[in-house]
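Subject: Structure for you to look at

Hello,

I am passing on the structure we talked about. My notes on it follow below the entry.

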Amino acid sequence: MSSSDSKKAMVLVTGATGFIGKRLVAALAAQGIPVRCLVRNPKSTLPPCAEVVHGDLLQVETLDRALEGIETAYYLVHAMSGDRAGFERRDREAAENFVAAATRQGLRRVIYLGGLGEEKDDLSEHLASRLEVARILQRGPFNTTYLRAAVIIGAGGASFEMIRALVERLPVMITPRWVSTRCQFIAVRDVIAYLVGCLLHEQTAGKTYDIGGPEILSYREMMKRFARIEQKFIKILPVPFLTPKLSSYWVWLVTPIKPSISSPLIEGLGNEVVCHDDEIRKVIPLRLTGYDDAVREALEEAGALPAEPN
């Protein structure tokens, strides 16, 4: 299917009301691509041009209608947003239900956004679950495009809001060794550009791509640069005895992120997450957004960017 054909065919977006999903729906609509959104809450606010179907990936009987007549679907669902207990089981069940329904309806392509991390790594439960979902989708009879990202910088994103809250509320931070872990962040607008680009470039079907920004930074560097942009004082004191699990407890106290989300994120900070290749840039060449610009854009969107000093 050519890019012009892609513009004619309706696509399905699961997780359409989430941090990535709502931006993707708007971007697809801006390209003139018809969009159907699978939502659990029928009162969800979505662009008026989007078709909305009520359903739940954990209720397999609700999925056939959502997938009927669809050739390409975006899979953006992660069960971590609910109770933490058993999120891996819910992720697995949701992916298996989706594959079963997609098989019945003859789905041709899936585009999945997961996390960076290798099976040989000692992955956190969060990253391991995202990898397992990818493997379930890849076993389906359709072509799965698997995009692997680390920290996504954008207003409303859990990782961004967690870093923001730590910088704004803890001028002196006692942290575990994970502050030295390297991470290849990516701006949310670049993630959306890649997601749309994969739909428009048929050669990405069935491929796996690492996606990341132009810099590799430690979490300490990210927090310090964030503080500089916000004109905040911050001092970070790493100590060897504070484990990620222990540090997750004080993160609960000082950030607005729900424990079901913040705890798995914190526990995953011990994993180095950097891109192993840049093959996607040969197909979708982007001018990637630097860290400082990504943070400024996110703060502007949130209405929280301080005035520039005179």
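The largest cavity has a volume of about 60 Å³. The model is a predicted one, and the count comes to 1 cavity of 30 Å³ or more.

The residues that line the largest cavity are V151, S159, M162, I163, L166, W178, Y219, M223 and L269. Two helices, α6 (158-169) and α8 (219-229), each contribute at least two lining residues. The largest share is that of α6, with 4 residues.

On the sheet: 7 strands make up an open, parallel sheet, and their order is β3-β2-β1-β4-β5-β6-β11. The edges are taken by β3 (51-54) and β11 (208-211); each has a single partner strand, so one side of each has no neighbour in the sheet. Direction ignored, neighbouring strands in this sheet are turned by 20 degrees against each other on average.

Within the sheet, strand β5 (residues 109-115) and strand β6 (residues 143-149) run parallel and are joined by 7 bridges. Y112 has Y146 in β6 opposite it.

Helix α4 lies across β1 (11-14), β4 (72-75) and β5, and the angle at which α4 runs to β4 is about 180 degrees.

Regards

Methods
Residues numbered from 1 in each chain as written. Predicted model: local features only at pLDDT ≥ 70, side-chain atom pairs only at ≥ 80, totals over all residues. Heavy atoms only, no water. Pairing = 2+ DSSP bridges. Axes fitted to C-alpha atoms, helices over the stretch in contact; angles between N-to-C directions. Contact = heavy atoms within 4.5 Å. 1 Å grid on protein atoms, 1.4 Å probe; cavity = no way out; pocket = protein on both sides within 12 Å on 5 of 7 lines; lining within 4 Å. Points joined across faces, edges and corners; volume = space filled by probe spheres on them.
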